[in-house]
Amino acid sequence: MNVNKVKGAKRKLDALDCLLIVLAALPIVACMVLKVLTNPASDGINISGPLIYFTIPTPIQPLYVTESQINSLAVILSVLFLCIFLTRGLKTRPDSTRQIVAEWIVEKTESLVKSNMGTYFSSFPPFIAAILALSALSSLLTLVGLFPPTSDLNVVAGWAILVFILITYYKMKCGPLHYIKEMASPVVMTPMNVISEIATPISMSFRHYGNVLSGSVVSALVGTALQGLSLSIFGGLPGPFGSFPYFRIGIPAVLSLYFDIFSGCIQAFIFAMLTMLYIANGFPEELYFKRKQKKNNKNDLIKSEVN
Amino acid sequence: MQTQEIINVNIWLILISLCNLVILFLILKKFLFKPVKKVLAERQAEYDAKFAEADGKLAEAEAVKAELDAKFASADDEAERILKDAKDNAERRGVAIVTEAKDKADLIVKNAESEAELRRRKAEESIKDDIADVSVEIAEKIIGREVTERDHRRLVDEFINKMGDEE
């Protein structure tokens, strides 16, 4: 029998595994280095958008290469190497924790999608997992002091527009005519329906972006306030002891726990949930299957006539 | 260094972000979901095979059990039959032994009876002789003379025989 099947014989990390772990961490570390190199230390309240590293002149609008782009790319690379690491040496009888983790991720996402969207959308789990991973990890980048791409409206708007395209695609599964008919079902309500359609991606993107950004803003405000408080109390102490912001030790961490970890994860989950629900609700399942059945019957009829 | 406005809309950035999501979707699909699902399917197939095997084994065991049960039942019948035979045999034998014993006892009793009869006869004879002798002696004394013993004896014997017959 295989030696690996012996209980407790865990697979050891080999050189390639270590390399993959390093590669997964490297993009984030590189971003941190870049941030330290480019961001000047600043006092006081400084709430601004992402840093623009350089600009590429393009038609319509100039294309900025900003912190949020770089950080998104870092997240994607990290996830890529993490995936390769997790799925290395999969076996039908798992002998490593990482395989169990990988299976857990896959199974949880699939059951989530199945319970929210039904069995028709069996190709959606990777997409939902991508939304969850990208959104949550982007928001969690604040933990290492990086600019969270999710607090850039453009990033979240891109995802919301993709989701909007998917919603519309599934609504049009029964033909554009049916889509228009649904839109103007009570004729008076047509403008409302159109607005609510367009409002979907806007509300989704602004909800996510606003939550993450507000977290950063509140954190910055509280940090500055604590610094001011500390200065006003200990300002009399001589030299560097007086200017040291004592209250900024530890106290902002509590806020960070909520804004960075809880809010980041919950917003990712909400975004994924809304994606699933909008797409599943927009898809006229019964009608689609009825039409498909009819079509099949017709095809069968034609075939039999030809024969 | 320049920063972007906090609320700004840039069509290229939106497009890039959209593509990022698609790329991550493809990455997850290819590098995470595909291999894991493949392994899960393989495991399922393995388990199915194992279960089918186990089902086959179970059916086999059931068959063997049924066979054994049948055998046990027939063995029980056999044992009962043998027991009954033995019982009958024993009974028959017992009866035979008892009858034999009875016969033997009867024989013994008969022998004993005949012997007793013989002894009685002998005793009778000897008593007869004794009585004859005594009576002869008494007669001699009464008569005072010698009676021919032989005659006398004959007389007494006759008498006694008569007595014995009358009795």
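Domain bounds come from an automatic or database domain assignment, and for chain A that assignment gives domain 1 (11-39 + 46-91) and domain 2 (106-307). The structure described here is a predicted model, and its largest nonpolar core has 68 residues.

**The two domains of chain A**

- The centres of domain 1 of chain A and domain 2 of chain A, taken over C-alpha atoms, are separated by 21 Å, and the contact takes 13 residues from domain 1 and 14 residues from domain 2.
- On the side of domain 1 of chain A that touches domain 2 of chain A, helix H1 (15-38) and helix H2 of chain A each supply at least two residues, with the largest share, 6 residues, coming from H2(A).
- Sorted by class, this side of domain 1 of chain A has 7 nonpolar, 4 polar and 2 charged residues.

**The largest nonpolar core**

- The residues with the most contacts inside this core are Val79(A), Ala130(A) and Ile131(A) from chain A, together with Leu24(B), Leu28(B) and Leu32(B) from chain B.

**A closer look at Ala130(A)**

- Not counting residues up to four places away in sequence, Ala130(A) touches Leu21(B), Leu24(B), Phe25(B) and Leu28(B).
- Of these partners, Leu24(B) and Leu28(B) are, like Ala130(A) itself, listed among the residues with the most contacts inside the core.

How values were computed:
Residues numbered from 1 in each chain as written. Chains lettered and ligands numbered in written order. Predicted model: local features only at pLDDT ≥ 70, side-chain atom pairs only at ≥ 80, totals over all residues. Core = buried A, V, L, I, M, F, W, Y, C linked by C-beta atoms within 7 Å. Buried ≥ 20, exposed ≤ 12 C-beta atoms within 10 Å, placed from the backbone. Contact = placed C-beta atoms within 7 Å. Helix = DSSP H or I, 4+ residues; strand = E, 2+ residues; numbered from the N terminus. Nonpolar A, V, L, I, M, F, W, Y, C, P; charged D, E, K, R; others polar.
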